[in-house]
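Work through the exercises below with the sequence and the model at hand. Each task is followed by a solution in steps.

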Amino acid sequence: MQKLPRLRLMSACLLATGVLGLSGETTARCEPAVAAPALTFESRMAQSTLGGAYQNALDNLLRVNTIPDTDHKHNKAKKMTGDPGVFVRAGGGYSEPWTRDASLNSWNAASLLEPVAARNTLWAVCEQSSDGDVTIQQDNQWWDKVIWITGAWSHYTVTGDREFLETAYKVTQDELSRMRREHYSAEYGLFQGPAFFADGIAGYPEPPYDPANKSSFVLDHHFTDKLMPLSTNCVYYNAYKCAARMASELGRPKVEAQEYEEAAKRLKTAINKHLWMPSKSTYGFFIHGAGPLQGKLDPSQEGIGISFAILFGVADPGQAKSVLANTHRSAHGIMTSWPHFARYDDAHPGRHNAIVWPLVNGMFACAAAQSGRSDLYQDEAENAALLAAGSGNHFFEIYNGSTGVPDGGWQTGGQWPSQPDQTWSATAYLRMIYSGLFGMTFTPKSLTFSPTLPAQWGAVKLSGVHYREAVLDIALTGSGRRVTKFLYDGASVSPPAVPAGAKGFHTVAITLND
């Protein structure tokens with residue numbers, strides 16, 4: 001067994017009793033080795049809604065969807081820890097971890113709450129070649145695999161696991177080189193392929209959707225491999241930024257980090273040149289790279305795309321402000337894209353179109369918090385909690401933007417199911433709490449704080465946060481985003497941060513003022 005900076009394996013996988021998820025499937029259950037952080041609001045109303053959703057999200061991630069790899073199916077990279085190793089699956093309706101799901105779930109929350117399971121999950125979507133090199137698994141959903149790089153860098157900043165980082169950097173070098181070679185448009189300076197997580201053709205207007213083609217898979221429709229979407233290119237931008245940070249952290253020759261930084265800079269320039277719409281003060285969805293509309297920008301709003309643009313810094317502060325001011329949202333939160341494509345409407349929303357995927361809401365909420373829009377953050381977080389409460393205290397895959405009920409949307413002539421206990425829906429909510437409410441940002445050297453506390457929520461505390469070798473109790477009082485006092489073990493500290501080398505129990509008290 002490999003030695004980790006803080007060995008926190010799941011304490012037991014109860015193969016006999018199992019746990020019953022909403023899908024009705026009984027799976028082996030893994031109990032967390034240590035208690036997850038407890039969230040406590042002074043307001044009973046906030047505790048009932050926001051606190052209740054938080055506990056349900058923890059149950060989703062740690063008890064329903066963290067499972068043992070009993071048949072060793074997912075250890076193709078030969079890097080998983082434990083026998084059997086435990087990993088985080090995509091959800092109650094999906095037994096696989098999948099690359100984008102594994103990356104988002106680790107990045108959102110799993111690396112903090114169960115670092116060994118998160119590490120295993122990142123390795124579970126990799127494979128080892130005959131020469132021993134580890135690569136991200138090769139499959140037909142290649143266009144957004146580089147989100148793994150963001151998840152891997154985040155995992156390192158949370159855990160300090162240098163052994164993991166060394167291999168992850170090699171995986172990163174290989175993947176960026178391959179994607180640059182195979183899916184990059186030198187003409188536009190952008191990467192090509194479908195939009196982030198939009199693997200169904202319902203996520204695209206006509207064209208590239210071909211009504212004569214009955215396949216739901218996006219790449220079965222002409223010219224979709226040549227699209228240049230906002231979300232996908234923002235993911236590549238951050239992958240380059242993370243690669244540069246990895247190189248620097250590992251002490252690689254300076255030229256390596258410089259080359260990745262330069263590639264990121266060029267890509268950011270290309271995104272803002274080709275996908276920014278000055279007349280609308282926001283970003284478009286994608287550029288047609290081939291076909292009858294080649295070179296045209298689709299002006300639809302892409303929820304995950306504008307969120308990534310803000311979170312990753314593709315948008316400057318002025319752009320972020322205007323994007324948020326011009327964002328269309330439904331009664332139940334931001335939708336995957338807007339408006340309805342011509343073949344859909346309120347009664348028949350497209351599966352990847354004008355419909356609510358909580359994973360998008362989590363990213364958008366944190367983008368709003370990062371940009372000072374605490375009102376948007378508050379609304380999205382409350383919406384997410386209410387959606388879960390309204391569906392039996394479970395986090396479903398997709399919800400109807402008009403009614404708020406679980407709804408898988410329409411695609412290729414029929415209505416699809418919304419899968420229960422979707423992991424990234426739950427971890428998106430956890431992200432809203434950790435990254436949004438408490439403003440937790442991990443770096444190689446520290447855990448920093450930039451909270452967003454809506455006045456209506458009142459004081460709140462997060463107790464028992466395991467950060468590397470430390471255990472933290474974090475309390476927020478006041479309201480707003482401006483930190484007026486930061487106490488670490490009772491002593492005033494500036495800037496507001498906990499050092500990565502901290503050990504044992506510590507208290508953090510943050511006072512905020514609008």
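Predicted model: local features only at pLDDT ≥ 70, side-chain atom pairs only at ≥ 80, totals over all residues.

**Exercise 1. Two aromatic pairs**

Classify the ring pair of Tyr184 and Phe191, then the ring pair of Trp357 and Trp424.

Solution. Step 1: the rings of Tyr184 and Phe191 lie 5.1 Å apart, centre to centre, with 65 degrees between the planes. Planes over 60 degrees apart count as edge-to-face, so this pair is edge-to-face. Tyr184 is partly exposed, at 23% relative accessible area, whereas Phe191 is buried, at 1%. Step 3: the ring centres of Trp357 and Trp424 are 6.4 Å apart and the planes meet at 65 degrees, so this pair is edge-to-face. Step 4: locate the two residues. Trp357 belongs to the loop between strand E16 (337-338) and helix H10 (358-370), and Trp424 to helix H12 (residues 423-437), so the pair ties together parts 67 residues apart in sequence. Trp357 is buried at 3% relative accessibility, and Trp424 is buried at 4%. Trp357 and Trp424 belong to a cluster linked by ring pairs, together with Trp107, Phe196, Phe197, Phe308 and Phe312. The whole structure holds 29 aromatic pairs.

**Exercise 2. Charges over rings**

Which ring lies under the charged end of Arg180, and which under Arg343?

Solution. Step 1: the charged end of Arg180 sits over the ring of Tyr184, 3.8 Å from the ring centre. Step 2: Arg343 lies over the face of Tyr209, 3.7 Å from the ring centre.

**Exercise 3. Helices H8 and H12**

How many residues of H8 are buried, and how many of H12?

Solution. Step 1: helix H8 (residues 303-311) has 9 of its 9 residues buried. Step 2: the buried residues of H8 pack against helix H2 (99-113), H6, strand E12 (282-283), strand E15 (301-302), helix H9 (317-325) and H10. Step 3: after H8 comes Gly313, with a positive phi near 85 degrees. Step 4: in H12, 14 of 15 residues are buried. From its first C-alpha to its last, H12 reaches 20 Å, close to the expected 21 Å. Step 5: just after H12, Gly439 has a positive phi of about 60 degrees.

**Exercise 4. Nonpolar cores**

Which residues touch the most other members of the largest nonpolar core, and which helix gives the largest share of this core?

Solution. Step 1: the largest nonpolar core has 79 residues, and Trp148, Leu176, Ile271, Tyr283 and Phe308 touch the most other members. Step 2: helix H6 (residues 230-249) supplies the largest share, 12 residues. Step 3: another core, of 55 residues, lies apart from it and includes Leu61, Ala385, Leu437 and Leu447.

Notes:
Residues numbered from 1 in each chain as written. Heavy atoms only, no water. Core = buried A, V, L, I, M, F, W, Y, C linked by side-chain atoms within 4.5 Å. Buried < 20%, exposed > 50% of the residue type's maximum accessible area, 1.4 Å probe, protein only. Helix = DSSP H or I, 4+ residues; strand = E, 2+ residues; numbered from the N terminus. Phe/Tyr/Trp six-rings, centres within 6.5 Å; stacked < 30°, edge-to-face > 60°. Lys NZ or Arg CZ within 6 Å of the ring centre and 35° of its normal. Expected span 1.5 Å × (residues − 1). Contact = heavy atoms within 4.5 Å.
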